[in-house]
Amino acid sequence: MTRAETKERNRRALLDAAFQVVSRDGYRARLEEIAERANLTTGAIYSLFGSKSGLVVALVTDYLRPHYEEVEQAIPAEMDLLEAVDAFARHYRRSCDAPDALSALSLQITLLDMTLRDPELGSRLAASVRTQESHLIALFTGRSHNGRVVTSHQAQRLVTGLRALFVGLTQGVLLGLAPGADEQYFADAARALASGAALVDHDGDGS
């Protein structure tokens with residue numbers, strides 16, 4: 001293997017190990033155990049990620065990137081806004097049935113706890129999530145809706161609302177609190193959000 005290939009293999013091994021340990025232990029996750037699971041040393045963690053916070057941020061980015069790439073593939077460019085939101089909602093609901101859905105929820109809850117304990121980590125994670133969400137904003141910007149074209153600012157407001165909606169609904173589905181929330185429910189809720197106040201700017205005229 002080349003040096004670059006070895007570096008990428010080590011990086012992948014550490015991220016996979018971190019997912020398991022951080023999902024289970026959260027703030028108490030030990031770098032020593034992560035390194036041991038990856039058959040590496042803690043020195044490799046510092047060399048590749050700089051710190052425990054750097055490893056966690058890389059873990060979140062690594063987890064989110066394929067999710068957003070799949071969303072982009074699920075929403076064709078020719079769809080209008082409501083069709084795109086509908087497709088996004090159905091894709092999100094199907095993720096609740098994925099084999100790793102409960103592990104992903106565990107990681108999500110764990111990261112919330114970690115950010116409350118470590119504000120600096122929270123800021124870095126928020127920046128990482130905003131970077132990934134910029135892809136969704138671009139995905140909805142420029143689509144037609146009620147005879148107009150959705151602006152970047154409107155798309156940003158919509159993405160914020162959709163993220164909050166889907167996170168809440170997904171937690172309800174996985175915890176057994178929303179047994180009737182099927183694909184159609186997700187789609188109807190998302191369409192209602194997109195049709196309402198989410199697209200109205202602060203001046204109230206929707207422009």
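Author: Before we start, a helix axis here is a line fitted to C-alpha atoms over the stretch in contact, and angles run from 0 to 180 degrees between N-to-C directions. This is a predicted model, where local features need pLDDT of at least 70, side-chain atom pairs count only at pLDDT 80 or more, and totals for chains, interfaces and linings use all residues. Residues are numbered from 1 along each chain as its sequence is written, and side-chain values use heavy atoms, with hydrogens and water left out.

Reader: Why are helix 1 and helix 4 called roughly perpendicular?

Author: Their packing angle is about 95 degrees, with the axes 10 Å apart. Roughly perpendicular covers 65 to 115 degrees, so helix 1 and helix 4 get that label.

Reader: Which residues make the contact?

Author: Contact means heavy atoms within 4.5 Å. Helix 1 brings Arg12, Leu14, Leu15, Ala18, Phe19 and Val22, while helix 4 brings Leu55, Ala58, Leu59, Asp62 and Tyr63. By class, that's 9 nonpolar, no polar and 2 charged residues.

Reader: What makes Arg93 count as buried?

Author: Buried means under 20% relative accessible area (1.4 Å probe, protein chains only). Arg93 has 13% relative accessibility, so it counts as buried. Arg93 sits in helix 5, residues 81–95. Skipping neighbours within four places in sequence, Arg93 touches Val173, Ala181, Asp182, Glu183 and Phe186.

Reader: Which residues touch the most other members of the largest nonpolar core?

Author: Of its 60 residues, those are Ile34, Phe88, Phe140 and Phe186. Helix 4 (residues 52–74) gives the most to this core, with 9 residues. Such a core joins buried Ala, Val, Leu, Ile, Met, Phe, Trp, Tyr and Cys residues through side-chain atoms within 4.5 Å.

Notes. Helix = DSSP H or I, 4+ residues; strand = E, 2+ residues; numbered from the N terminus. Buried < 20%, exposed > 50% of the residue type's maximum accessible area, 1.4 Å probe, protein only. Parallel < 35°, antiparallel > 145°, perpendicular 65-115°, else oblique. Nonpolar A, V, L, I, M, F, W, Y, C, P; charged D, E, K, R; others polar.
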